[in-house]
Amino acid sequence: MNRTNELPSLSLAETKLQSLPLGSIKPEGWLKNQLKIQANGFTGHLDEHWEDVGPNNGWLGGSGDSWERGPYYLDGLVPLAYLLEDQQLIEKARPWIEWTLNSQREDGSFGPNHLTTVNLECDDNVDMDQQDWWQEIIMLKVLTQYQEATNDERVIPFLIRYFHYLKEAIEKVPLREWAQARGADLLLSIQWLHEKTKDPSLLELAETVRTQTIDWSSIFAKFPYWRKQYEWNHRTHVVNVAMGIKAPAVFFRQTNDVMEKEAVYKGIESLMTYHGQAHGMFSGDEWLSGTHPSQGIELCAVVEYMFSLEQIIRILGDGSFADILEKVAFNALPAAISPTWDSHQYDQQVNQIMCNAAKRPWVNGPDANMFGLEPHFGCCTSNMHQGWPKFVTSLWMSTQDGGLAAISYAPCKVLTTVEKGIGVELTVQSDYPFREHVTIDLSVSKETRFPLNLRIPRWCKAPIIKVNGTRMEVQVENGFACLNQFWSNNDQIELSLPMEVELNERNNSAVSVERGPLVYVLPLGEQWVCVQERERFHDWEIYPKSAWRYALLENAEFKLETGELTSQPFRAETAPIKLMTKGQLISNWVMEKNSAGAPPLNPRPYEKGRAEALELVPYGCARLRIGEFPVIR
Ligand SMILES: [Zn+2]
């Protein structure tokens, strides 16, 4: 897509929505609890127990890991610290930020990896095979967040110097390998700085980066990877794909080529057709791996897909992407992490009947679906922290016409300004997605008119919006209902998003069960067996304590049961919402490669078997589960 030599006009298209600076949106209710659990678990203590991000890390001046792990950890730790206003976490992040800011060399380069320092004066001495821009790309994302939260005056001059350096350096040492696949993440920081400085040379750099990045627009416009992939390829590496899906939208800001916009839609559609899973992610147990519900989905891909969707929503302003974001955030994210955030999986499976060291249908190691400190490989251990904090930061955005847009209705407080600098405070009270009702209380520094856009999810057929008790007409455009009116202090919006049970047809006539943004599964009894004990973060195998070979009965009813919302709603024993239905054990569903085989097309109930009551819980509650069921017809 316009990757030839013709010079595009150098400008940056406006995004449809704008992110609010980190800290403008504070988590409340269950979401705040989730962040606190994270802070009390891995994110707040990883550096004390995992050498890779410990005091000897290269990004702290040590001789340890100097690649992606430190920056990955900070990419979640920094927003978490400032969202919780947790002084201990802020102090934990500080040495990393200080070391990084102080590491800038005279030429503008920074970071511990001296191999990336390009000596611009001696062209011939650049060892091309040793250059990697990737770890810096992550640290740039950290610094932009840190600047938003603190207004630290050092950050913008630091970035100006670095990009000035990069503009020359990247011509001599182009993006390669991971950086070539993930160039869109570098563009996000360049575009971020351009919005602040309007320096036209940044757009020249942005063009160079765009043309050096893998052409994701062409890949997604005419998607070639229809089958499970087996070979090393950056274009089918699941994390790269999860990151690359935002590339066409990021490119679009520079090219204004409408084909790039369409490539995002086509790409997601193709990914779901050929590799889609019940929780809204596409599979990839290293490479894209098809629609079988026992294939793996890497935790890095989950958090990166969330971040990509947040950026796509901001750029394209289409609420339908938030439907996907919620589905991934409320299902795939919590499922791969223990309820106390002290162990996690590398690969999760929709039908996950056992988590243990065993051969499974993937190239990843036998421990990839175990819960632990660093099962299979430590990328997820360092990268998982960004999921919830960045979701919080994307709950609300501002619109170009001086208004606000609700992206998701998880509980939060928003403190921002609208047109003419008028201060607005929104308090979103809800137990969404576990409940259907949302209340938004407004407080404004002065009565004023501005558009308030409420996202209406596609699954919701009969939304109800009331302003101060008066029911409003709901007209949905681009996934949002717009209330453009005068707002005054103590105005209250009530939103009701009725959820209905929907059965989603999968391969082999199997189904997954959805209600609103939550996917419902049959939880299996879990026996957690500690296989490696450490001081704090242990490794676990999980064995099933109950039968898993259940089919659902066609036409069986689903009865809703609600329970108390505890501080950790993603726990099977205390699930805040359940669906009661009927199912039956079947004889012809077998285990293959230590996983549930494909759901049989014609499930055969046991001769003397009988229908049983089944209790389905949200996907994110169950670490062992059946999420894709055969149906007895
Ligand atoms: Zn990973």
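**A loop, a metal site and some rings**

Author: Pro-433 is found in the loop between β8 (422-430) and β9 (437-444). Helices (H or I, at least four residues) and strands (E, at least two) are DSSP runs, numbered from the N terminus.

Reader: What joins Tyr-432 and Pro-433?
Author: A cis peptide bond, with omega about 10°. Before going on: this is a predicted model, where local features need pLDDT of at least 70, side-chain atom pairs count only at pLDDT 80 or more, and totals for chains, interfaces and linings use all residues. Residues are numbered from 1 along each chain as its sequence is written, and side-chain values use heavy atoms, with hydrogens and water left out.

Reader: OK, the metal. Which residues are the protein donors of the zinc ion?
Author: Glu-298 (OE), Cys-300 (SG), Cys-379 (SG) and Cys-380 (SG), lying 2.1 to 2.3 Å from the zinc ion. Donors are N, O and S atoms within 2.8 Å of the metal (3.2 Å for Na, K and Ca), and water is not among the atoms, so sites may look incomplete.

Reader: And what is the geometry of the site of the zinc ion?
Author: Tetrahedral, with angles of 96 to 121° among the four donor atoms. Four donors count as tetrahedral if all angles lie between 85 and 135 degrees.

Reader: How are the donors spaced along the chain?
Author: They follow E-x1-C-x78-C-C. Glu-298 in strand β3 (residues 297-298) and Cys-379 in helix α16 (residues 379-383) are 81 residues apart, so this pair links distant parts of the chain.

Reader: Are Glu-298 and Cys-379 buried or exposed?
Author: Both Glu-298 and Cys-379 are buried. Buried means under 20% relative accessible area, exposed over 50%, and partly exposed in between (1.4 Å probe, protein chains only).

Reader: New topic, rings. How many aromatic pairs does the structure hold?
Author: It holds 34. Rings of Phe, Tyr and Trp (its six-membered ring) pair if their centres lie within 6.5 Å; planes under 30 degrees apart count as stacked, over 60 as edge-to-face and the rest as tilted.

Reader: Where do Trp-178 and Trp-232 lie?
Author: Trp-178 is in helix α7 (residues 177-181) and Trp-232 in the loop between α10 (216-221) and α11 (238-244), so the pair ties together parts 54 residues apart in sequence. Trp-178 is buried, with a relative accessible area of 17%, whereas Trp-232 is exposed at 56%.

Reader: What about Trp-388 and Phe-570?
Author: Their ring centres are 6.2 Å apart and their planes are at 25°, so this pair is stacked. Trp-388 counts as buried at 1% relative accessibility, and Phe-570 counts as buried at 0%.

Reader: Which residues do ring pairs link into a cluster?
Author: Trp-30, Phe-330, Trp-388, Phe-391, Tyr-409, Tyr-432, Phe-434 and Phe-570. Tyr-432 is also the residue joined to Pro-433 by the cis bond.

Reader: Last one. Where is Asp-75?
Author: Asp-75 lies in helix α3 (residues 69-84) and counts as buried at 0% relative accessibility. Not counting residues up to four places away in sequence, Asp-75 touches Ile-138, Lys-141, Val-142, Gln-145, Gln-386 and Lys-390, where contact means heavy atoms within 4.5 Å.

How values were computed:
Four donors count as tetrahedral if all angles lie between 85 and 135 degrees; four count as square planar and six as octahedral if opposite donors are over 155 degrees apart and all others between 65 and 115; anything else is irregular.
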